[in-house]
Amino acid sequence: MIEWNEEYSVGISIIDDEHQEFIKIINRVLAAKLLNSSLDKIEELLTEMKDYAWNHFMTEESYMIEFKYPEYQYHKEEHFNFIHRVNSYCDRLLSGGYQLAKEILEFLKQWLVKHIHGTDKKYIECFVRNGLK
């Protein structure tokens, strides 16, 4: 499970709230795997997580466009690659079984932490300078 702590905070309430919800959904996927839920259930939760991620990415990207964030294109590509990879996992999950589910969950945990600590932390100064808190 991923536990929210302040080191994940970007200091912008709307983004932090969305990151916390993102973590909750990933944790529900992790719990489903640990409880040996059906692959259909895991796929359903992954789809929910992907849909939520897409909405969250749109929030971040709209601010990046509005504030003319210089690394917008790179950040957008990272979001696109995440959605593409999760779509690919969803397509393969039912035939790949629980071993693939384990791989997916490891990817989600690593990606989220790396993305928040690396890519997301870079836009903090720009967002705060433009009035987000």
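The dialogue below takes terms applied to this predicted model and sets values against definitions.

Tutor: Residues are numbered from 1 along each chain as its sequence is written. Local features need pLDDT of at least 70 and side-chain atom pairs count only at pLDDT 80 or more, while totals for chains, interfaces and linings use all residues; side-chain values use heavy atoms, with hydrogens and water left out.

Student: What makes residues 13-34 helix α1?

Tutor: Helices are DSSP runs (H or I, at least four residues), numbered from the N terminus. Helix α1 has 22 residues.

Student: Why is α1 called roughly antiparallel to α2?

Tutor: Axes are lines fitted to C-alpha atoms, for helices over the stretch in contact, and angles run from 0 to 180 degrees between N-to-C directions. The axes of α1 and α2 come within 10 Å and cross at roughly 165 degrees. Angles under 35 degrees count as roughly parallel, over 145 as roughly antiparallel, 65 to 115 as roughly perpendicular and the rest as oblique. The pair is therefore roughly antiparallel.

Student: Why is Asn 27 called buried?

Tutor: Buried means under 20% relative accessible area, exposed over 50%, partly exposed in between (1.4 Å probe, protein chains only). Asn 27 has 14%, so the residue is buried. Asn 27 lies in helix α1.

Student: What makes Asn 36 and Lys 68 exposed?

Tutor: The relative accessible area of Asn 36 is 55%, so Asn 36 is exposed. Lys 68, at 70%, is exposed too. Asn 36 sits in the loop between α1 and α2, and Lys 68 in the loop between α2 and α3. Asn 36 has a positive phi of about 55 degrees although it is not a glycine; for Lys 68, also not a glycine, phi is near 55 degrees.

Student: What does Phe 22 touch?

Tutor: Contact means heavy atoms within 4.5 Å. Leaving out residues up to four places away in sequence, the contacts of Phe 22 include Met 49, Phe 82 and Trp 111.

Student: What makes a set of residues a nonpolar core?

Tutor: The members are buried Ala, Val, Leu, Ile, Met, Phe, Trp, Tyr and Cys residues joined through side-chain atoms within 4.5 Å. The largest such core has 31 residues, and Phe 22 is among those that touch the most other members. Two or more residues each come from α1, α2 (39-66) and α3 (72-122), with the largest share, 15 residues, from α3.

Key: The expected span of a helix is 1.5 Å times one less than its number of residues.
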